[in-house]
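Please read these points with the model open beside you. They go through the chains, their domains and a few local features in turn.

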Amino acid sequence: MNDGAVHITDLVKTYTDDRGRPTFTAVKKINLAVENGEFMVLVGPSGCGKTTTLRMVAGLEKISSGTIAIGDRVVNDMEPKDRGIAMVFQNYALYPHMSIFNNMAFGLQLAKKKKDFIKETVTRTSKALGLDVMLERKPQALSGGQRQRVALGRAIVRNPQVFLFDEPLSNLDAKMRVQMRSEISRLHSQLGNTMIYVTHDQVEAMTMGDRICVMKDGLIMQVADPLTLYRQPENLFVAGFIGSPPMNLLKGKIARKDGGLVFTETAEQNAITVPLKGLIEPLAAKHLDKAIVFGVRPEHLTEGSENGSRVPIASTVDIAEPMGSESLVYLKAGTGNLIARIHGETLFHMGQPLTVYVNIDKVVLFDPETEAVIR
Amino acid sequence: MWNRLLIRKIIAHSVLIASCALILIPFAMVVLASFRKGNFPPSTLWLSPEQWTLDHWKYVLGIPYSEVLNAATGETKLVGPTVAPLRWFLNSLLVSAIASFGIILLSGTAAYAFARLKFRFRGQILTGLLVLQMFPQVLTLTAYYRILNYIGEHFPWLGINTFAGLILIYLSGISINIWMIKGYFDTISPAMEDSARIDGASRFQAFTRILLPMSAPIFAVVFILSFISMISEYPTASVVLQESVNRTLAVGAYSLLDEHEKLWGHFSALAVLSGVPITIMFLLCQRFIIGGLTSGGAKE
């Protein structure tokens, strides 16, 4: 069974105005293979082309060039209903003049399915979603979470090969969002269908995706599983986008000092200097005296120096945010802050001198010109 | 303090009563004129018992009634109209109802195209419609006459003196309706139709089964406005329909006010009668004009 695999090849979307003149290109020749049964998340800032890509897979947006294949069928010129997809929209897009039952049954009615079959399918699905008591109500009488569940149900009854989600949780309040997140994840493990999920929220992306496709300006920045994406970002954009707080990215250069290599931040004051030892040393040596971006995750900065591969950074505390379990400490750096995620044992105070230790093996270096990672 | 409140209330109510009177008094005058013996223009708010008569209403409804020929001998004669004004009333109903449905059909589909489809000169055409709307239809009357005359030579059922011809002209004045309906469509999330298309609806089905039911209020409004304006439309109808038999209400009513013989009583009865279909239509459409019909489907 490979019916639910989605292959996107050299996909381009150029929007046109009323006269058919090209205005702007939202998707720029992207390639993406989604495996059968995979939960693929498309994530990126607004305007990155993620929703456009999804709408082209759905068949709601004409493809400018390239191909989209679902299973082994090229679906470029196929009607949405024939593609074996179902879609959940950000604003639910329920039919306000129809009851919940009819909202869920609409697709089956149009497909001229038997009445008994429709009734049975809708009843079963609504029960699973806890909607069976409100089938006669209109969408207006439902809460936001219930409405989105109806939209989910409407997608499920179509029994599609591929589920498409267009920021389905963005209009829900924070608590409901967390709940629906796990509900959709559970749905995926129960049904085992391919799901393509668009979001701008990197937390949703990290928690839900089997793999994540990070997009920016119509291009794919990186496709990887959550941990790879987090640990081995391919470029500056992914490093800065994934993670909360994001990776610390310091601009500077590599210099030789006291016989060893050091990274020195380019700045007027508070410039941070990090000795480069261990695994990173040979790599750094290749870029001696060159401009570089030094990247380190907040949690790889600690107060103590338990392990051998840790090097000290001396600075002062700018702001501290105690969260209870841990503290986010914003240290003064040349440009902006160096954020450290430190234990929550003690409180830190503004202006307090603090030496943190970098787990130097986890440091990532980027080329500031190409913005690509240096390996 | 109490006094000031009372004074304020009295002032407020006087203003309200005065504005009501401004509307109701002329109406009452017309009603009374339709029940007053003889053909007097609406002018009084009181009829003495011997002034009352149903003759005008009988005339309007085409029921023969006796008219005093000679007051001295008391000689009477049973009279009635050659063409009952009721006929004009039915003509108007027919023309207005058909034309209103036609207007809804045309302006609804046109509005859909302007709201949802992309085509060349879309913006310019929309602006053009607005500009056209600024010229009263009367200005084009002679042109319409020539056109209908010409069409009538080839299709007699669509020429001068036909209802079809009049309806054809009425259908041409829909640009403001297109704007109104388009404005309403613009407030409905396109995700609705996207969703319907994924559910397997064709563009046409998405239009008829999703967009149209959600737009019932605006269609009711357009229907009522068209209906009312056509019931009372005079210039076009008077030019197109020239035979007494197929006059519309407004044209027929005006013909009662001949230069030499102003039949104010008949006219008043007909005027009151013409309010009936408008009121009925309004009550029928009112249940569609409700807010919140589109709420709950999409959250923006």
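The numbered points below begin with conventions and then take the two chains in order.

1. Conventions. This is a predicted model, in which local features need pLDDT of at least 70, side-chain atom pairs count only at pLDDT 80 or more, and totals for chains, interfaces and linings use all residues. Residues are numbered from 1 along each chain as its sequence is written, while chains are lettered from A and ligands numbered from 1 in the order in which they are written.

2. Domains of chain A. Chain A is assigned domain 1 (6-241) and domain 2 (248-366); such bounds come from an automatic or database domain assignment. Taken over C-alpha atoms, the centres of these two domains of chain A are 40 Å apart. Four residues of domain 1 and five residues of domain 2 make the contact, where contact requires C-beta atoms, placed from the backbone, to lie within 7 Å. On the domain 1 side, three of the residues are nonpolar, one is polar and none is charged. Here Ala, Val, Leu, Ile, Met, Phe, Trp, Tyr, Cys and Pro count as nonpolar, Asp, Glu, Lys and Arg as charged, and the others, Gly among them, as polar.

3. The sheet in chain A. Six strands of chain A, in the order E6-E7-E8-E3-E9-E10, form an open sheet with mixed pairing. Helices (H or I, at least four residues) and strands (E, at least two) are DSSP runs numbered from the N terminus, and two strands pair if DSSP finds at least two bridges between them. Strand E6 (85-88) and strand E10 (219-224) of chain A are the edges; each has a single partner strand, so one side of each lacks a neighbour in the sheet. From one strand to the next the twist averages 15°. Helix H4 (residues 144-157) of chain A packs on this sheet, where H4 touches E6 and strand E7 (162-166), and the direction of H4 makes about 175° with that of E6(A). For such values, axes are lines fitted to C-alpha atoms, for helices over the stretch in contact, and angles run from 0 to 180 degrees between N-to-C directions.

4. Two antiparallel pairs in chain A. Strand E9 (residues 211-216) pairs with E10(A) in the antiparallel sense over five bridges, and A:Val214 stands opposite A:Gln222 in E10(A). Strand E1 (residues 6-16) and strand E2 (residues 22-34) of chain A are also antiparallel, over nine bridges, with A:Val12 opposite A:Lys28 in E2(A). Their hairpin has five residues between the strands, and A:Gly20 takes a positive phi near 90° there.

5. Backbone values to check. Most residues other than glycine have a negative phi, and most peptide bonds are trans. A:Lys29, a residue other than glycine, has a positive phi near 55°; A:Lys29 is in strand E2 of chain A. The peptide bond from A:Ser244 to A:Pro245 is cis, with omega near -5°. A:Pro245 is in the loop between helix H8 (236-241) and strand E11 (248-257) of chain A.

6. Chain A against chain B. How many residues does each chain give to the contact? Chain A gives 26 residues and chain B gives 28 residues. On the chain A side, E6 and helix H2 (100-110) each supply at least two residues. That side divides into 16 nonpolar, six polar and four charged residues.

7. Domains of chain B. Chain B is divided into domain 1 (2-79) and domain 2 (85-286), with C-alpha centres 33 Å apart. The contact joins 16 residues of domain 1 to 13 residues of domain 2. Helix H1 (2-34) and helix H2 (55-61) of chain B each supply at least two residues of the domain 1 side, and H2(B) has the largest share, five residues. By class, that side has 10 nonpolar, five polar and one charged residues.

8. A helix pair in chain B. Helix H3 (residues 85-116) and helix H7 (residues 175-186) of chain B pack at about 50°, with axes 8 Å apart. H3(B) is therefore oblique to H7(B); angles under 35 degrees count as roughly parallel, over 145 as roughly antiparallel, 65 to 115 as roughly perpendicular and the rest as oblique. Residues of the contact include B:Ile103 and B:Tyr112 of H3(B) and B:Ile181 and B:Phe185 of H7(B). The contact divides into nine nonpolar, three polar and three charged residues.

Note on methods:
Contact = placed C-beta atoms within 7 Å.
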